[in-house]
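User: I'm new to this one, so could you walk me through how the helices pack?

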Amino acid sequence: MLDAPSSRGEIVRLLSAVGAERSRLFARSSAIKRERVGNKVYFRGLLEYSNRCVKECLYCGIRGSNPRVHRYTMMEGEVMEAARYALAAGYASIVIQGGEIASPARTREITRLLERIGEATDNRLGITLSLGEQSRETLEEWKEAGARRYLLRVETSNPDLYARIHPRDARHDFERRLETLRHLRACGYQVGTGCMIGLPFQTLDDLAGDLLFFRDIDADMIGMGPYVEHADTPLYRHRGILLPPLARLHLSLGMIAVLRVMMKDINIVAATALQAIDKLGREKALMAGANILMPNITPVRYREDYLLYENKPCVDEAADQCKECLEARVRLAGDEIGRGEWGDSPHFALRTGKKEPADGGMTGKNQ
Ligand code: SAH
Ligand code: SF4
């Protein structure tokens, strides 16, 4: 039986496995998924709330200085409508994601949104935020206002690689990213992090380091997916040294499988970026061990303006179409949909002693 690897060398070996050895890895990760988190896939309705961003991450299509992006922030009424839609569609959880803006006005705006969503849905939606690095006070305020989870990818756990894919200034500081992850944990959030796979200059050893980092910080949720280049970004000039897209997909699926063997009871996202490379990328991720999907519920008129990377799927599909398409995908992967359930990871429940009620929180607050 394949044991959880605990050293960089062992992980690199698994990520490089081919043939029967790779099949054994996937058989094991899929069995662990079924035993430890079940075959239910949970949906998180993704709201791309705003593409305004003060950062300049060298890989990202909506980086602050890209003049070709038309900037928007969703209106409160649109967020409320999307939240109601998510509840009616049985998603039970939403993610409010956006560029990084750290200002008192943005803090208040999000607090108000959280309170209004809570009131309008009787606290039945599990809310995840993914709004970049914020002060401890802001994170506390949002937690208090009803956010339960926070998603902040470390992007890479190697500080040298981090420095190569970000401008070298105080706003893009690796240590600050780590500190924010610590604050999130201290504030009581379910902490989600992750990395990009197939970045220029990234090695298998770096990726092994990422998986060990996730284990060491005891993350509740991981979202990792392939790096997909975007022509309007500085990193684009390194496209000549990238792994071919299919190799990035292959590596991403390997990362998911190894992670499932290492962190058996956490939530793992089948990242949307997988589908930018392969139409069936997300189904393959579910089969490799992922158990979370993020259907896009952003109003269609904003989607073209939230292109973090190229070939982003579903930019012209309304929420309903996304829903049907993703439900079919889950069935194709041999899984079921955890409809109306928050789908907190068993890991989080064990870590904190908090258990989701059998009705999945659909009758009240579960904090
Ligand atoms: N601004 C927030 C959340 C929005 S960006 C933040 O940065 O945390 C969400 C994620 O998109 C980032 O964490 C990054 O991993 C991913 N992303 C950005 N550009 C990408 C690209 N070119 N390819 C793949 N993923 C990308
Ligand atoms: Fe802004 Fe996030 Fe893109 Fe960086 S990755 S530029 S923080 S939206």
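Analyst: For the angle words, under 35 degrees counts as roughly parallel, over 145 as roughly antiparallel, 65 to 115 as roughly perpendicular and the rest as oblique. This is a predicted model, where local features need pLDDT of at least 70, side-chain atom pairs count only at pLDDT 80 or more, and totals for chains, interfaces and linings use all residues, while side-chain values use heavy atoms without hydrogens or water. Residues are numbered from 1 along each chain as its sequence is written, with chains lettered from A and ligands numbered from 1 in written order.

User: At what angle do α9 and α11 pack?

Analyst: Helix α11 (residues 281-288) packs against α9 at about 25°, with the axes 9 Å apart, so the two are roughly parallel to each other.

User: What about α3 and α4?

Analyst: Helix α3 (residues 76-88) and helix α4 (residues 104-120) have axes that come within 10 Å and cross at roughly 40°, so α3 is oblique to α4, and the crossing of α3 and α4 is right-handed.

User: Switching topic, which residues are around ligand 2?

Analyst: Around ligand 2 (a heavy atom within 4 Å) are Cys53, Lys55, Cys57, Tyr59, Cys60, Ile62, Arg63 and Gly99. By class, this shell has five nonpolar, one polar and two charged residues.

Technical notes. Ala, Val, Leu, Ile, Met, Phe, Trp, Tyr, Cys and Pro count as nonpolar, Asp, Glu, Lys and Arg as charged, and the others, Gly among them, as polar. Axes are lines fitted to C-alpha atoms, for helices over the stretch in contact, and angles run from 0 to 180 degrees between N-to-C directions. Helices (H or I, at least four residues) and strands (E, at least two) are DSSP runs, numbered from the N terminus. A crossing is left-handed if the near helix is turned anticlockwise from the far one by less than a right angle, and right-handed if clockwise.
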